[in-house]
Amino acid sequence: MIRAAITGVTSYVPKKVMTNFDLEKLVDTNDEWIVSRTGIRERHIAAEGEASSDMSVQAVEKLLKETGTKAEDIDAIIVATVTPDMLFPSTAALIQNKIGATKAWGYDLSGACSGFLFALKSGSSLVQTGHKKVIVVGVDTMSSILDYTDRNTCILFGDGAGAVLLEPTEDENYGIIDELLFVDGSGADALNMKAGGSRKPATHETVDAREHFIYQDGRSVFKRASMDMAQVSADILEKNGFTAEDVGIFIPHQANKRIIDVAARKAGFKDEQVLLNIDKYGNTTAATLPLGLDEVVREKRIKDGDLVLFAAFGAGYTWGSILLRYGPGKKG
Ligand code: COA
């Protein structure tokens, strides 16, 4: 059976850093509250005019260079984002043009904080049906939809992009082993952006009502995220006959350190098995998982053949997990 293997990973965050102390000057909050309730100390914020396709191109060009891949050999580009440059055309199309991937097709998908998992599954399916080189991007410019007068949401998010290259491997021990992916649209009222779509097109009234920003019922999301991310992480291991001890690194979505702690504890992981970088980046939505993978690869916290477990939860609700064995394996 042909499996999709991750054969390269890169990421990009904008230069500008916004600390909790910077936020103290904007809203009624403080560093102690933010660190104790979320684990976040700072986040990166896009420069004026820097959009999701710009950040993605930074990550993808590095990916092409590091993997020795020619842009014209890319078959498809899939972009997970809730903050595309524009509603259309897709961010994937803009990236395709900017990097000169003349042969590639592609599309965006909206899975919020689980978007990278959904895109990875889509990319993996393309590889299993004949595509040889697929780029999967997770990117979000959350600062473009944050209300910097709302302390409930503006402290949580940051901007960033990550990209992986998927290629076929016939080595049955390597690549993406399994996924558990879910949607429960009854959660739509708890986390959303109310205006700017077909339900409420932009008007002066929607702008005045601050409806082009993120709305979140933090407590409801917190409860569901803690429960579902823990459950899905344990379930995928059990389904595939593994235990937490078999996993090299657990890369959970970085929304809140307390949610990660619950998920890691319930699934049975030791601290050293868990990627935690929320202190530096905040919640970058679709970018947290590739940012995390890039970090553990560069810091040599994983080696060829290690089991990697991704898990995420986000707006929709959406949630899921993907289990893979890291490294190229034998190429098909
Ligand atoms: N600074 C200081 N106080 C704040 C604050 C801030 N930035 N934000 C909220 N508060 C206040 C609240 O107003 C509330 O005050 P009150 O009791 O007087 O009403 C108090 O702190 C507690 O608020 P609560 O919402 O219960 O805090 P919490 O412990 O649930 O933490 C979140 C809030 C948002 C950090 C937390 O609910 C969370 O992380 N939710 C999930 C976020 C998430 O995962 N989102 C993305 C989906 S992937």
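Which of the 23 residues around the ligand come nearest? Thr29, Arg37, Gln216, Arg219 and Asn256 do. A residue counts as near a molecule or strand if one of its heavy atoms lies within 4 Å of it. The structure is a predicted model, in which local features need pLDDT of at least 70 and side-chain atom pairs count only at pLDDT 80 or more, while totals for chains, interfaces and linings use all residues. Residues are numbered from 1 along each chain as its sequence is written, and side-chain values use heavy atoms, with hydrogens and water left out.

Asparagine 256 places a side-chain N or O atom 2.7 Å from a ligand oxygen. For arginine 151, the distance from a side-chain N or O atom to an oxygen of the ligand is 3.0 Å. Tryptophan 33 has a side-chain N or O atom 3.5 Å from a ligand nitrogen.

Arginine 151 also takes part in a salt bridge (a side-chain nitrogen of Lys or Arg within 4 Å of a carboxyl oxygen of Asp or Glu). Its partner is aspartate 28, with the closest N and O atoms 3.7 Å apart. Aspartate 28 sits in the loop between α1 (20–24) and α2 (31–38), and arginine 151 in helix α6 (residues 151–154), so the pair ties together parts 123 residues apart in sequence. Helices (H or I, at least four residues) and strands (E, at least two) are DSSP runs, numbered from the N terminus. Aspartate 28 is exposed, at 63% relative accessibility. Arginine 151 is partly exposed, at 46%. Buried means under 20% relative accessible area, exposed over 50%, and partly exposed in between (1.4 Å probe, protein chains only).

The whole structure holds 16 salt bridges. Aspartate 294 and arginine 298 form one of them, with the closest N and O atoms 2.6 Å apart. Both residues lie in helix α11 (residues 288–298), 4 residues apart, about one turn of the helix. Aspartate 294 is buried at 4% relative accessibility, whereas arginine 298 is partly exposed at 39%. Lysine 303 pairs with aspartate 306 in another salt bridge, the closest N and O atoms being 3.2 Å apart. Lysine 303 is exposed at 55%; aspartate 306 is buried at 13%. Salt bridges with shared partners link Glu66, Asp294 and Arg298 into one network.

Two strands pair if DSSP finds at least two bridges between them. β11 pairs with β12 (residues 307–314) in the parallel sense over 4 bridges. Isoleucine 249 has valine 308 of β12 as its bridge partner.

Serine 56 belongs to helix α3 (residues 52–67). Serine 56 is buried, with a relative accessible area of 0%. Not counting residues up to four places away in sequence, serine 56 touches Ile95, Val137, Val139 and Ala161, where contact means heavy atoms within 4.5 Å.

Key: A polar contact is a pair of N or O atoms within 3.5 Å; within protein, one must be able to donate a hydrogen and the other to accept it, and residues adjacent in sequence count only if both atoms are side-chain atoms.
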